Amino acid sequence: MRPQRARFLALGTAAILAAGLAAGCSSSSNSSGGSKSPIVIGASLSLTGDFSTDGQAFQKGYNLWVSEVNRHGGILGRQVKLDVLNDNSSPTQVVTNYQKLITVNHVDLTFGPFSTLLTAPASATAHRYGYAFVEGAGGGGLVFAQKLNNVFDVSLPVANELDPFTAWIKSLPASQRPTTAAYPAADDPFASPQVQLTQSNMQAMGIKTAYSKIFPEEESAYKAPADDVAATGAQMVVLGSADVPTVSAFMSAFEQQHYNPKIFIAAAGPDQGASFTSAVGTANAAGMLVPDAWYGGSPNPLSQTMVKAYVAKYGGTASGINADVAEAYSVGEVVDQAVTHNKSLSNSALISYLHSGVTLQSVQGPVRFNALGENLVATAFIFQWQNAKFVQVLPVGATGSVKIIYPKPNWAG
Amino acid sequence: MTRQVYQAVVDGILGGAVYALMAVGLTLIFGVLDIINIAQGILVVVGAYLSYALSVHLHVDLFLGLLVTVPAMFVIGVAIYWAFIRPLRGRERTSMSLLACYAVAIIAEGVLYRVFGPSYVSLQASYITASVRVFGFYLPYIYLYGFVLAVALVALLYALLYRTKFGRSIRATMQNETAARLIGINVNRVAALTFGIGVAVTAAGGMVYGATSGGFNPNSGYDLISRLLAIIILGGLGSIGGALAAGVLMITLESVVDIWSPNWAILVFYAVLVLVLTVRPAGLFGRQAARAQ
């Protein structure tokens, strides 16, 4: 009886293993073999969790690019398919997701997740498997400090985002320049480094620091530092924010304290289109400044085409489009151009090509990578909400720039 | 500096009341059912979204809207109890209820994402950004109203618990469920109604949370739950007044420490909890004390 049972077990195990192998082979050949099968691109996105607003905007950007590229015949004659996993905004889950996408789902290519915080561990995982990692929202120093050769950030490097703002303050006559400034910043690898850099630049110009503290990135931790900043009466506030609630909480507290700085610039938040205005109210948004590389009214023809496609697919207006959409869309554009040039899905060829110094085009403008994967030719702009519209104001005189509103209008109440 | 400390104390007292509003339902449910409702955070957000929907679509004032959202949340609470909590039996009931409540949180989050999307929204009203100047300090009306609402709700819950027959049934169930059954109390009914009341008062907490936060989305509940749990543990599990006292104490301490170091402020919040529990393991108004009142 026993030997027979053991034989059954052995046979069963062998059958299962064989079936598994067959399934593995077929899945592998489906994703990368036959010329008619779609190109599968894997991405982990924060569809829930702290970054869900950005993550879902990123998903819209990726989906929009896929539908546009497929509408034009796909890449190398093959349709493109996305395989998106939710990382719940977790730096550990994002690693698991890319491992699964690469080793289990056998995706052909990978696109990056949202935020510097998640891109850093995710890119290291992709690097381990030799995958190129083109991303649009991992521009913080944390990502490039890893010195991986597979990372390519199509967006503006975070460190330089506030450069046009600093240049503008420097250009103001001494009588118009703010004399005091506050630099509250969230404890975030995206938000705090650029604020600290701006602070040192402003101090070099003789602008006195009235407040400079890093606070935890927790909703409950925003009101107290906001009240402290209001108490200083600083003429300028440079807020290191990573999302809408941070900016909104500061704006609300400032208004409650009857404090209206002459200049209020936030690292992120006001660039999130309708998500920002629905949280703070359109009237209160007036005068708020934010750095970025793209806006809905960009004269770039590629951007105008994308905006038209976005409005057709999702509705809304150009000003209401989250800048994350453009960052995600740019990832697709860059990969498309590289794969088309290589006539291959080889990740090593993709990495070599992107490091070759070639200049590619995206809705955010030109893209050319240095050895670290930073986009060397991205242009930083400063945007401002004016009359319910999100417009480019700096650098002064740049194509598309309109006159900056200064000082900031009072709160609308 | 002195002025900043005064401002922080005022902020802490008013802000603490907002947290008490969110936590009071949690402590009531634990007191009666021995259930840690870890879905409380998302239920606060559900309350905020209900106020948002009434305000945006029907232009109903936020406080007036409570006349609708409180009963609506009561119904939601009773439904959650009947669907997820009542079926749990046996010695593992308390630990299983953690999983059940987590399931409630995930389902509620999914529904909110489906209905409202991931974008942040906030409640708007003239009194949210307006403030009154008292002794040189600007006190936001929304926090003042929230404070009054918290005190009124705590008083109302006390009246319900200690001045009504139903309250006696609740307290009897809190003290000894088996004995309560033996004297003819319908424990299941009491439990369902208490769960409903606990969730109903969360509607008020949700509204004030929505009005005082920088914006909320379906995910916002997860940031709340650890703080709410800390508050009810410090106040004494099951103690309604304790939740108010602990909320005010912890947020005040946090606001004061924040003047020197915002990062340490969060740590102090939990350090105080550990410190108090070392001296008084049952919290400020411990369970036995609360039940004996």
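Predicted model: local features only at pLDDT ≥ 70, side-chain atom pairs only at ≥ 80, totals over all residues.

Reply: Residues are numbered from 1 along each chain as its sequence is written, while chains are lettered from A and ligands numbered from 1 in the order in which they are written.

Start with the contact. Chain A gives 39 residues and chain B gives 32 residues. Two residues are in contact if their C-beta atoms, placed from the backbone, lie within 7 Å. On the side of chain A that touches chain B, the elements giving two or more residues are helix H2 (52-71), strand S7 (208-215), helix H8 (223-232), helix H9 (244-256) and helix H10 (274-280). Helices (H or I, at least four residues) and strands (E, at least two) are DSSP runs, numbered from the N terminus. H9(A) supplies the largest share, eight residues.

Now the backbone of chain A. A:Ser89 sits in the loop between strand S2 (80-86) and helix H3 (91-104). Its phi is positive, near 60°, and it is not a glycine. A:Ser89 is buried, with 24 other C-beta atoms within 10 Å. Buried means 20 or more such atoms within 10 Å, C-beta atoms being placed from the backbone. A:Ser115 also has a positive phi, about 90°. It lies in the loop between strand S3 (109-111) and helix H4 (116-128). A:Ser115 is buried too, with 29 C-beta neighbours inside 10 Å.

Last, the cis peptide bonds. One joins A:Leu394 and A:Pro395, with omega about 0°. Another joins A:Tyr406 and A:Pro407, again with omega about 0°.

Notes: Buried ≥ 20, exposed ≤ 12 C-beta atoms within 10 Å, placed from the backbone.
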